[in-house]
Amino acid sequence: MTEVIDGDAVAERIRDDLRDSIETLADEGVEVGLATVLMSDDPASETYVSMKQRDCEEVGIEGIHVEIDPDAPAEDLHETVADLNDDPDVHGILVQMPVPDHVDDREVLRAVDPEKDVDGFHPENVGRLVAGHARYRPCTPHGVQKLLDSADVETEGADVTVVGRSNIVGKPLANLLVQKAEDGNATVTVCHSRTDDLAAKTRQADVVVAACGVPEMIDGSMLSEGTTVIDVGVNRVDADNEKGYELVGDVDFESAKEKASAITPVPGGVGPMTRAMLLYNTVKAAGRQEG
Ligand code: GUN
């Protein structure tokens, strides 16, 4: 029987633990605070940010939300980030990506105080992660590690094929999995759009992580029996329903499930974990700043 890994349930357990930590901090007079900044009118980004704010409320984190007109100059965003850097009630700052084209996203990531960079995207935090002493693990890669752990999938000595080389998922996840650590010690192959014979690389893997942003690109024919499949993809595809779209992953779930020993669904797999690990990093940030 293939195990369908329940990301909602794992995320709920993580939130339960966090509620305890948040209460302990509150007893010490610390109210954990997360600021989200949105400079976009993209409906998907608006939805993601409002879900993050709702998550905060649900676990007892003080959420602050700042919206900036997407047509405003880049300085407006930089001023907001500078104010949040200086605000002692704000322990974590998340600037929702992407920002408009006239804003240099790398400058924005550099502007966030690395101690408050709960995304883990600041170059200092990227460097620390690569060197093996991450301050904050980026939320999606950390969520993937937690899901593997929840399904008792050993990474030590495992062949893991990561499909996708983004700065948000593929690269940090490959770095984390290869590290000398309990949830690392894997042999990692990183594939991308220019990879020759992708199916050969996915078929040789004990674990396949799909994070390429192409709807249902990985199907059962590309997998060996008994593979663990983690689907990071969230793709909106046209559908004949009320919303006019549905969410599908980077994996063709039905055919992959025939081969996999364990697989994450979309939605309800990696997505809830990304959100839970943001709360985790925010609580960690509060502990570091107030400790
Ligand atoms: N846009 C898509 N994913 C992310 C994320 O993890 N963090 C931020 N800040 N923006 C995103």
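Axes are lines fitted to C-alpha atoms, for helices over the stretch in contact, and the angles run from 0 to 180 degrees between N-to-C directions. Helices (H or I, at least four residues) and strands (E, at least two) are DSSP runs numbered from the N terminus.

The structure is a predicted model, in which local features need pLDDT of at least 70 and side-chain atom pairs count only at pLDDT 80 or more, while totals for chains, interfaces and linings use all residues. Residues are numbered from 1 along each chain as its sequence is written. The mean pLDDT (the predictor's confidence in each residue, from 0 to 100) of the protein chain is 98, and 100% of its residues reach 70 or more. The ipTM of the model is 0.96 and the pTM is 0.98.

The unreviewed entry places "domain: Tetrahydrofolate dehydrogenase/cyclohydrolase catalytic" at residues 5–119. This span is 50% helix and 14% strand, and its end C-alpha atoms lie 24 Å apart. The annotation "domain: Tetrahydrofolate dehydrogenase/cyclohydrolase NAD(P)-binding", also from an unreviewed entry, covers residues 138–289.

Helix H6 (residues 139–150) packs on helix H7 (residues 170–178), the axes coming within 8 Å and crossing at roughly 45°. H6 is therefore oblique to H7. The crossing is right-handed; a crossing is so named if the near helix is turned clockwise from the far one by less than a right angle, and left-handed if anticlockwise. Pro141, Val144 and Gln145 of H6 make the contact with Pro172, Leu173 and Leu176 of H7, where two residues are in contact if their C-beta atoms, placed from the backbone, lie within 7 Å. Five of these residues are nonpolar, one is polar and none is charged. In this classification Ala, Val, Leu, Ile, Met, Phe, Trp, Tyr, Cys and Pro count as nonpolar, Asp, Glu, Lys and Arg as charged, and the others, Gly among them, as polar.

H6 also packs on H10, with axes that come within 8 Å and cross at roughly 110°. The two helices H6 and H10 are therefore roughly perpendicular to each other. H6 passes H10 in a right-handed crossing. On the H6 side the contact involves Cys139, Thr140, His142, Gly143, Val144, Lys146 and Leu147, and on the H10 side Val270, Met273, Thr274, Ala276, Met277, Leu278 and Asn281. The contact of H6 with H10 comprises eight nonpolar, five polar and one charged residues.

The crossing of H1 and H10 is left-handed. Residues of H1 in this contact include Gly7, Val10, Ile14 and Leu18, and those of H10 include Pro272, Arg275, Leu279 and Val283. By class, the contact of H1 with H10 has 14 nonpolar, three polar and three charged residues.

Most residues other than glycine have a negative phi, and most peptide bonds are trans. The bond from methionine 97 to proline 98 is cis, with omega near 0°, and proline 98 lies in the loop between strand S4 (92–95) and helix H4 (105–111). Valine 266 and proline 267 are likewise joined by a cis peptide bond, with omega about -5°; proline 267 is in the loop between strand S11 (262–263) and H10. Aspartate 152, although not a glycine, has a positive phi of about 55°, and is placed in the loop between H6 and strand S5 (159–163).

Key
UniProt positions are given in the numbering used here, feature names are shortened, and annotations may be inferred rather than shown by experiment. Angles under 35 degrees count as roughly parallel, over 145 as roughly antiparallel, 65 to 115 as roughly perpendicular and the rest as oblique.
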